Amino acid sequence: MEITKDIIFVGVNDHDVDLFEGHYIVPEGMAYNSYLINDEKVAIMDTVDAHFTEEWIGNTKAALGERTPDYLVVQHMEPDHSGSIRDFMEAFPAATIVSSVKAFGMMRNFYEGEEFAERRIPVKEGDTLELGSHVLNFVAAPMVHWPEVIMTYDSTYKVLFSADGFGKFGAHDLADPDDWACEARRYYFGIVGKYGMQVQAVLKKAAGLDIQIICPLHGPVLDKDLGYYLGLYNTWSSYAAESRGVVISYTSVYGNTKKAVELLAAKLEEKGVPEVVVNDLARSDIAECVEDGFRYDAQVFATTTFNNDIFPFMKEYINHLTERNYQKRTVAFVENGSWAPQATKTMKGMLEGCKNLTYADNGVRIVSALNDESRAQIEALAEELAALYK
Ligand code: FEO
């Protein structure tokens, strides 16, 4: 597939992966992108997961025709992109690897001491590589998503090869081409969400470049409405809310907390909150829940006291949020406990390191099951949260 007349897609689709990166379900599979730049010199942009080496080298050879590659640019060493480096170097003995110093160190670790000492060009921020008419400019992008990452800007043809940046879950032949944001958001907050500051630093560099096409290592090539994608990345990486509304994240053991959550959701809708989303943390994909937690500007946490702590799915969920720097949101709590309710105190304690959280004045305490007192608390909380949107 041609991206431009001399940039050719040579990546692969993975329909077999059960858990991407060992923990993300990917119902639409995954794509490992790789690109060939056909100029006086030929460069290949990244390899693919080791399960697809043969297919990828086949794609590369088909795109090469009679030519051989001069360079393999390794932007990121996570195995979904670096898994075929050694096979590539064996298949193409004249090729040289171009990558960051840190990446060569990782190569040594992934490949049993192999660091391609005679066949490598280390590059850093500001270095360039001329292929002929294409000039590749290397941009350091540490922690987007590993420390060794470089992105590559083709300044002649205005193409940004963005490594994991602007990637999404989904194989090219299964993912909905008209819905980029849903799986890109889940991917972003799951995988890169902790590193908002580093993504902001790269966006600042990108703002100084004329970018016409973004070629990420996952998901579709972006060549239209780039302001939309850059804008979402700016929102996400600055931890601003993307959407106005309340997400209620809950667990319920026997259904009593669930009844409280359903009542609260109904009241929030009645009172005009623009969007109300309810997630049962025990029965939902945790990455979807994390995505919603960051998407909306208010969140209600509802759970049960359990083993002198809180219910495990809520504990895990809050850990996912805090390790990704959850901040700048309005939060409220619903707790349930049959003899010593203390879930609100525990949840607040877990969130205490988060910056710029606004705590609702009202909270809900259920002692086993709803009663008039807790229903009144739900009414008051709904009123307070709904007032945020008036
Ligand atoms: Fe797509 Fe961080 O690997």
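This is a predicted model: local features need pLDDT of at least 70, side-chain atom pairs count only at pLDDT 80 or more; totals for chains, interfaces and linings use all residues.
The protein chain has 390 residues, of which 55% count as buried, and its secondary structure comprises twelve helices and 23 strands. Taken along the principal axes, the C-alpha atoms occupy a box of roughly 80 × 40 × 35 Å. When contacts between residues at least 6 apart in sequence are considered, 71% of them join residues that are at least 24 apart.

Helix 8, which runs over residues 256-270 and contains 15 residues, spans 21 Å from its first C-alpha to its last, close to the 21 Å expected at 1.5 Å a residue. The buried residues in this helix are Thr257, Ala260, Val261, Leu264, Ala265, Lys267 and Leu268. Viewed down the axis of helix 8, these buried residues fall within an arc of 165 degrees, and they therefore line one face of the helix. On the other side of helix 8, by contrast, Lys259 and Glu270 are exposed. The cover over the buried residues of helix 8 includes strand 17 (243-250), strand 18 (276-280), strand 19 (296-306), strand 21 (330-336) and strand 23 (364-366), together with helix 12 (372-387). Just after helix 8, Gly272 adopts a positive phi of about 95 degrees.

Helix 9, formed by residues 286-295, is mostly covered, with eight of its ten residues buried. These buried residues are Ile286, Ala287, Cys289, Val290, Glu291, Asp292, Gly293 and Phe294, a set in which charged side chains such as Glu291 and Asp292 are included. Among the elements that cover the buried residues of helix 9 are strand 5 (24-25), strand 17, strand 18 and strand 19, as well as helix 5 and helix 10 (312-323).

Helix 7 (residues 226-237) packs against helix 5 (residues 180-192) at an angle of about 35 degrees, the two axes being 12 Å apart, and helix 5 passes helix 7 in a right-handed crossing. On the side of helix 5, the contact involves Trp180, Ala181, Ala184, Arg185, Tyr188 and Phe189, which meet Tyr228, Tyr229, Leu232, Tyr233, Trp236 and Ser237 in helix 7. The residues of this contact between helix 5 and helix 7 divide into ten nonpolar, one polar and one charged.

Helix 7 also packs with helix 6 (residues 196-207), here at an angle of about 145 degrees and with the axes 9 Å apart; helix 6 passes helix 7 in a left-handed crossing. Gly196, Met197, Val199, Gln200 and Leu203 of helix 6 make this contact with Leu230, Tyr233, Asn234 and Ser237 of helix 7. By residue class, the contact of helix 6 with helix 7 consists of five nonpolar, four polar and no charged residues.

Asp164 is placed in the loop between strand 15 (159-161) and helix 5, and Asp164 counts as buried because its relative accessible area is 0%, where buried means under 20%. The C-alpha atoms of Asp164 and Ala382, which are 218 residues apart along the chain, are separated by 40 Å.

Val331 lies in strand 21, one of the elements covering the buried residues of helix 8, and Val331 is itself buried, with a relative accessible area of 0%. Not counting residues up to four places away in sequence, Val331 touches Gln299, Phe301, Tyr326, Leu357, Thr358, Tyr359 and Ala360. Between the C-alpha atoms of Val331 and Arg365, which are 34 residues apart along the chain, the separation is 15 Å.

Thr344 is found in helix 11 (residues 343-351). With a relative accessibility of 19%, Thr344 falls under the 20% cut-off and therefore counts as buried. Apart from neighbours within four places in sequence, Thr344 is in contact with Phe333 and Glu335.

Methods: Residues are numbered from 1 along each chain as its sequence is written. Side-chain values use heavy atoms; hydrogens and water are left out. Helices (H or I, at least four residues) and strands (E, at least two) are DSSP runs, numbered from the N terminus. The expected span of a helix is 1.5 Å times one less than its number of residues. Buried means under 20% relative accessible area, exposed over 50%, partly exposed in between (1.4 Å probe, protein chains only). The arc is that of the directions from the helix axis to the C-beta atoms. Contact means heavy atoms within 4.5 Å. Axes are lines fitted to C-alpha atoms, for helices over the stretch in contact, and angles run from 0 to 180 degrees between N-to-C directions. A crossing is left-handed if the near helix is turned anticlockwise from the far one by less than a right angle, and right-handed if clockwise.
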